[in-house]
Amino acid sequence: MVSLDERLAAVAALVRPNSRVADIGTDHGYLIAWLLLEKKAVFGYACDIHQKPLDKARKTLKSCGLEGCSRLILGDGLSGLLPEQVDDIVIAGMGAETILHILDKAGWQDPGQRFLLQPMSKHQLLRAGLYQRGYEIIQEKAVIAKGIAYTVIQARWCGRVRTVDVFFARTGLLPLSYSAAAEIYLEKQVHALENMAKGLEKSNTKSNNIKEYYKISEKILEILARWKREKG
């Protein structure tokens, strides 16, 4: 049996049923194997830029008897895939810059596709970068894995280029619905914003960002306070 950790389980939850799924940076191939075994995906592409992870993925898929409904692809990002071959594309466990680079290089523009993105760093850069490139976020969930708060984003290309404010870049869709993981994630954003503001104050820098960071921090604290009241 194949099991997923909290981070990959959150990604899997946003994959649409009966999808053809590509996992970019597949590592051991656990996500593709799990989706196929659970009949959530009808076909899976395990993709990686390095041969060793693909060898591990091959072993995983073979041991599960999934060779007939999966394919291994050695390549950078989405190279080796055609847009019409996949419905849902997973890019997880990478930095925001790397994820955006992969999207830029591919240049796929099919509104019917979904991109399941799980950045390991600079979440705010990813959210802002998606909208600047004509994507929009459809769903977003926070997850806690090994004590660290992450976000999992389901996005699609819509062709509408927009600039998002700092509040949205920092919080995304997470303020729209309560979860314990979202609460922890937003609390960490408050700490990050306050630390940035204090750092600017200590450096005697005259910056409008100081007031903005505190203002956004207060706005997030209001959301957290409301959630606390609603929980009773």
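Let me start with the largest pocket: α1 (6-13), α2 (30-37) and β4 each give at least two residues to its lining. Keep in mind that this is a predicted model.

The volume of that pocket is about 260 Å³. Its lining has 16 residues, and those closest to the centre are Arg-7, Leu-8, Gly-25, Thr-26 and Asp-27. By class, the lining holds 6 nonpolar, 6 polar and 4 charged residues.

Next, the second largest pocket, with about 160 Å³ of space. Here 13 residues form the lining, and His-123, Ala-149, Tyr-185, Lys-188 and Gln-189 are the closest to the centre. At least two lining residues come from each of β5 (114-121), α5 (123-132), β7 (148-157) and α7 (180-202). Which of these supplies the largest share? That is α7, with 4 residues. The lining of this second largest pocket splits into 6 nonpolar, 4 polar and 3 charged residues.

Now back to strand β4, which covers residues 88-95 and includes Asp-88. Is Asp-88 buried or exposed? Its relative accessible area is 0%, and buried means under 20%, so Asp-88 is buried. Beyond its neighbours within four places in sequence, Asp-88 is in contact with Leu-14, Val-15, Arg-16, Ser-19, Arg-20, Val-21, Ala-22, Arg-114 and Leu-116.

Last, the cysteines. How many disulfides are there? The count is 0. Take Cys-69: the nearest cysteine sulfur belongs to Cys-64 and is 9.8 Å away. A disulfide needs the two sulfur atoms within 2.5 Å, so Cys-69 is in no disulfide. As for Cys-158, its relative accessible area is 29%, which makes this residue partly exposed.

Note on methods. Residues are numbered from 1 along each chain as its sequence is written. This is a predicted model: local features need pLDDT of at least 70, side-chain atom pairs count only at pLDDT 80 or more; totals for chains, interfaces and linings use all residues. Side-chain values use heavy atoms; hydrogens and water are left out. Buried means under 20% relative accessible area, exposed over 50%, partly exposed in between (1.4 Å probe, protein chains only). Contact means heavy atoms within 4.5 Å. On a 1 Å grid over the protein atoms alone, a cavity is a set of points where a 1.4 Å probe fits but cannot get out, and a pocket is an open set with protein on both sides within 12 Å along at least five of seven lines; lining residues have an atom within 4 Å of a point. Grid points are joined across faces, edges and corners, and a volume is the space filled by probe spheres set on the points. Ala, Val, Leu, Ile, Met, Phe, Trp, Tyr, Cys and Pro count as nonpolar, Asp, Glu, Lys and Arg as charged, and the others, Gly among them, as polar.
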